[in-house]
Amino acid sequence: MGNTKGRTSSVGLMVLAVVVVAVGNWEVKMAGATLSAAECKEERRIGLNECKPVIYGKLPSPSCCERVRVSHVECVCPVITPKLAALVDLNRAIRLIEGCGRRVPRHFKCGSITTP
């Protein structure tokens, strides 16, 4: 059997990335506020934990949607490789985003994906 743990966390990261992309345009940036690599890594870890049930076909929980609203695009998009992007059905991810009450921006680039 293959490495399903690695695939699961990769799919989770991609789902989180696409969800974050959808809300990234509404994020209020604080002047001069940048996150360290460690802060971004922690933000991704928390997001994966909160949204993990989505990987298994469940709808996003209120805590997952909240995490999506506070996550930073600049922490997620740089880690989206073509290999990772190929693991997720983008249309499903968009439906999940809309389930969190957000509109998905058209033609937004995040790592190796561009929303339709």
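Let me start with the conventions: residues are numbered from 1 along each chain as its sequence is written. Since the model is predicted, local features need pLDDT of at least 70 and side-chain atom pairs count only at pLDDT 80 or more, whereas totals for chains, interfaces and linings use all residues, and side-chain values use heavy atoms, with hydrogens and water left out.

The chain has six helices and two strands, where helices (H or I, at least four residues) and strands (E, at least two) are DSSP runs numbered from the N terminus, and their order along the sequence is α-α-α-α-α-α-β-β. Of the 116 residues, 39% are buried, that is, under 20% relative accessible area with a 1.4 Å probe, counting protein chains only. If we take contacts (heavy atoms within 4.5 Å) between residues at least 6 apart in sequence, 80% of them join residues at least 24 apart.

Turning to helix 3, residues 62-70, the buried positions are C64, C65, R67 and V68. They lie on the same side of helix 3, because they cover an arc of only 155° around the axis, the arc being taken over directions from the helix axis to the C-beta atoms.

Which residues of helix 2 meet helix 3? They are E43, I46, G47, E50, C51 and V54, and their partners in helix 3 are S63, C64, R67, V68 and V70.

Key:
Buried means under 20% relative accessible area, exposed over 50%, partly exposed in between (1.4 Å probe, protein chains only).
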